Each structure stands twice: as structure tokens, then as C-alpha cells.
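Look at the structure before reading on.

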Amino acid sequence: MRYCGVIFDLDGTLLDSNWVWDKIDEEFPKKLGLDVKKNFYDEIAHMTTDQAAEYMIKEYHVSLTNKELQQLWLDMALDLYEHQVELKPGAMELLQKLKQQGIPFSLATSSFPNLCKRSLTRIGIYQDFHTILYSNDFGKNKENPDIYMAAADAMG
């Protein structure tokens, strides 16, 4: 079978980064003095960052603005993505094989653009992606097909 293109997710698929968000999900409520539900992570896991911030503000009465809350998450994650987050086992080999075969690959992620760019640039593969799309730019989470359709369209 010949592939026309491949669309990847970032966190937990290409990058071994879920531990970062688990750490943030554990630490940031403490920073804000919040007592969150046991299933908190499950509730926000597939939301865009914008949706997750709105959820936090409404559900837990967080006094920060949406942008301030997102900046807090970004600041907490930035150092870890820039210095510690690595590719999942086998990801580099797969990307190299696709590149050698001339098969374009794109990224559809709900991650912060800055985290994505810094980690993939450090690893040396940022420039290899045909296109990188962020769910916040679509105003919808990744359960909606728009981001994938846009990635497929970009790859032709």
C-alpha cells in the first residue's frame, strides 16, 4: 500500500510528553489552591487549551483570565519541552522512512505552538513536517475532523 500522506498527533504519539501534562495537572491546581475532581484529567484531556481554560474558570471559579491560565500552563511546560521531552521509541525511524520514501507527513495537535516548535526544533525534525496545525486555530477539539481535513488538504 502506498500512502499519500500521514497525519500525526504530537503529545503521547510522537513525543513522550504525557508525563509533563500529568505533572502540570497535579501541580497547577496546588499553585491556585484548587481542589479538583478525581477525574479532572479525563475531563480536560481532549479539550483545546482554550476550552480547558474556560472549563477551569467556570467549573473551579479560577480568578485568572483564559489567557493568563493558558500562560501559566505554558510557563510550567516550556522548560520541560525545551530540555527533557523526547520522541517516543520508533518515532524517529518512522519519520525518516516516510521522508526517504517521499511521503509527506503533517502534525495535528492541541499542544501550544511554542512547545511544539521548541521541542521538535531541538530534536531536529520541525522542518520535516509538511504542515503543523493547532486545534486552537480551529476553535474545536481534535474530535472534530476539521483539523485533519485541513492537514490532508495541505498535503494534497
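## Strand β4 and its partners

Two strands pair if DSSP finds at least two bridges between them. The model is predicted. In it, strand β1 (residues 6-8) pairs with β4 in the parallel sense, over three bridges. Val6 has Phe105 of β4 as its bridge partner.

Strand β5 (residues 132-134) also pairs with β4. The sense is parallel, and there are three bridges. Here Leu107 stands opposite Ile132 of β5.

## Two faces of β4

Strand β4 spans residues 105-109 and is mostly covered. Five of its five residues are buried. In a regular strand, side chains alternate between the two faces of the sheet. From β4, Phe105, Leu107 and Thr109 point one way. Ser106 and Ala108 point the other way. All are buried.

## Helix α6: the buried face

Which residues of α6 are buried? They are Leu115, Cys116, Ser119, Leu120 and Ile123. Seen down the axis of α6, they fall within an arc of 105°, so they line one face of the helix. Just after α6, Gly124 takes a positive phi of about 95°.

## Helix α6 against α4

The axes of helix α4 (residues 66-83) and helix α6 (residues 113-123) come within 8 Å. They cross at roughly 10°. Angles under 35 degrees count as roughly parallel, so α4 is roughly parallel to α6.

From α4, the contact uses Leu74, Ala77, Leu78, Tyr81, Glu82 and His83. From α6 come Asn114, Leu115, Arg118, Ser119 and Arg122. These contact residues divide into five nonpolar, three polar and three charged.

How values were computed
Residues are numbered from 1 along each chain as its sequence is written. This is a predicted model: local features need pLDDT of at least 70, side-chain atom pairs count only at pLDDT 80 or more; totals for chains, interfaces and linings use all residues. Side-chain values use heavy atoms; hydrogens and water are left out. Axes are lines fitted to C-alpha atoms, for helices over the stretch in contact, and angles run from 0 to 180 degrees between N-to-C directions. Helices (H or I, at least four residues) and strands (E, at least two) are DSSP runs, numbered from the N terminus. Angles under 35 degrees count as roughly parallel, over 145 as roughly antiparallel, 65 to 115 as roughly perpendicular and the rest as oblique. Contact means heavy atoms within 4.5 Å. Ala, Val, Leu, Ile, Met, Phe, Trp, Tyr, Cys and Pro count as nonpolar, Asp, Glu, Lys and Arg as charged, and the others, Gly among them, as polar. Buried means under 20% relative accessible area, exposed over 50%, partly exposed in between (1.4 Å probe, protein chains only). The arc is that of the directions from the helix axis to the C-beta atoms.
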